[in-house]
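Welcome! Please take a moment with the sequence and the 3D view below, and then we can walk through the fold together.

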Amino acid sequence: MKYRLDRNVHSLLDPRTKLLLLFTSSVFVLGNAGERWMYVFYWILVYIPVLLLFAEKEWKAGIISIVIYVGSYYAQLALQHDLTAFESMLALMLYIITKILPTIILARYIVKSTKVSEFLAAMNRMHVTDKMTIPISVIFRFFPTVTEESKAINDAMRMRGIEMGAKKASEAVEYRMVPLIASCSIIGEELSAAAMTRGLDVGKKRSCIWKIKFRFLDWIIIAFCISCFVWWGVGRFVI
């Protein structure tokens, strides 16, 4: 059976659009720029990552994200007046979750839906130096590989009867964390060597089979991100 690589198969968004959306989310959701003035844009930015997960058929992750965010948001609202020290600390933790969770979800979507070659092609189009693209491309492969390694370690521990929450909880942490830390060190070295082997450090223009371009949805997201900054600038410097 012959395998044909379709060079026009892409994720929903162009890598450049994803990075712009991540930057916008970091500024207005994580950084809380504009506060009340950016209320509508804020909530759109909160739910765009979940919609993107659904578009990639990540139903479980999307639903869990909604439940955690909504639960944290309303629990935080319930803890508003006459708080004890513990309740104040809990309210602060819930507030932090509502701020960082959307950006984390978006970063997860970007890592899972973007191919390394596609990302490098996008960076080349933007004329970004290799000193930035090579470390980021290694990171793109690092986290998925570590996740797979962690699952393999957990499966091996369960086969040996070592479960989290059991009487041997301390051993469970030790038997998982020590092999995982050792694996992370080896994985990082192997990925760096792979990047060098593929010639990512030659400093010359590279060819790429992926045909990246902005499509209709990309232009909508770009226009929305620009609108966020324009509206914030109007509220910050004009009114």
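Which residues touch the most other members of the largest nonpolar core? Of its 34 residues, they are L21, L45, L52, Y109 and C228. A nonpolar core here is a set of buried Ala, Val, Leu, Ile, Met, Phe, Trp, Tyr and Cys residues joined through side-chain atoms within 4.5 Å. Buried means under 20% relative accessible area, exposed means over 50%, and partly exposed lies in between (1.4 Å probe, protein chains only).

Before going further, a word on the model. It is predicted, so local features need pLDDT of at least 70 and side-chain atom pairs count only at pLDDT 80 or more, while totals for chains, interfaces and linings use all residues. Residues are numbered from 1 along each chain as its sequence is written, and side-chain values use heavy atoms, with hydrogens and water left out.

**The overall fold**

The protein chain has 8 helices and 0 strands. Helices (H or I, at least four residues) and strands (E, at least two) are DSSP runs, numbered from the N terminus. Of the 239 residues, 34% count as buried. Contact means heavy atoms within 4.5 Å; among contacts between residues at least 6 apart in sequence, 76% join residues at least 24 apart.

**The cores**

Back to the core with 34 residues. The helices α1 (15–30), α2 (39–55), α3 (59–78), α4 (85–113), α5 (116–125) and α8 (216–238) each supply at least two of its residues. The largest share, 9 residues, comes from α2. Y109 touches L12, L13, K18, L52, L53 and E56, leaving aside residues up to four places away in sequence. Apart from this core lies another one, of 7 residues, including V138, I153, I187 and L191.

**Two helices up close**

In α1, the buried residues include P15, R16, L21 and F28. The buried residues of α1 pack against α2, α4, α5 and α8. At the start of α1, a side-chain oxygen of D14 comes within 2.8 Å of the backbone nitrogen of R16. The charged end of R16 sits over the ring of F214, 4.2 Å from its centre; this label requires NZ of Lys or CZ of Arg within 6 Å of the ring centre and within 35 degrees of the ring normal. Just after α1, N32 takes a positive phi of about 55°.

Why is α5 described as largely enclosed by the rest of the structure? Because 7 of its 10 residues are buried. Among them are V116, F119 and M123. The buried residues of α5 pack against α1 and α6 (130–159). After α5 comes H127, whose phi is positive, near 60°.

**Aromatic pairs**

A search of the whole structure finds 14 aromatic pairs. Rings of Phe, Tyr and Trp (its six-membered ring) pair if their centres lie within 6.5 Å; planes under 30 degrees apart count as stacked, over 60 as edge-to-face and the rest as tilted. Here are two of the pairs.

| Pair | Centre to centre | Angle between planes | Type |
|---|---|---|---|
| F41 and F224 | 5.9 Å | 35° | tilted |
| Y73 and Y74 | 5.3 Å | 85° | edge-to-face |

F41 in helix α2 and F224 in helix α8 are 183 residues apart, so their pair links distant parts of the chain. Both F41 and F224 are buried. By contrast, Y73 is partly exposed, with a relative accessible area of 22%, and Y74 is exposed, at 54%. Ring pairs also link Y73 and Y74 into a cluster with Y39, Y42, W43, Y47 and Y69.

Conventions
Polar contact = N/O pair within 3.5 Å; in protein donor to acceptor, adjacent residues only side chain to side chain.
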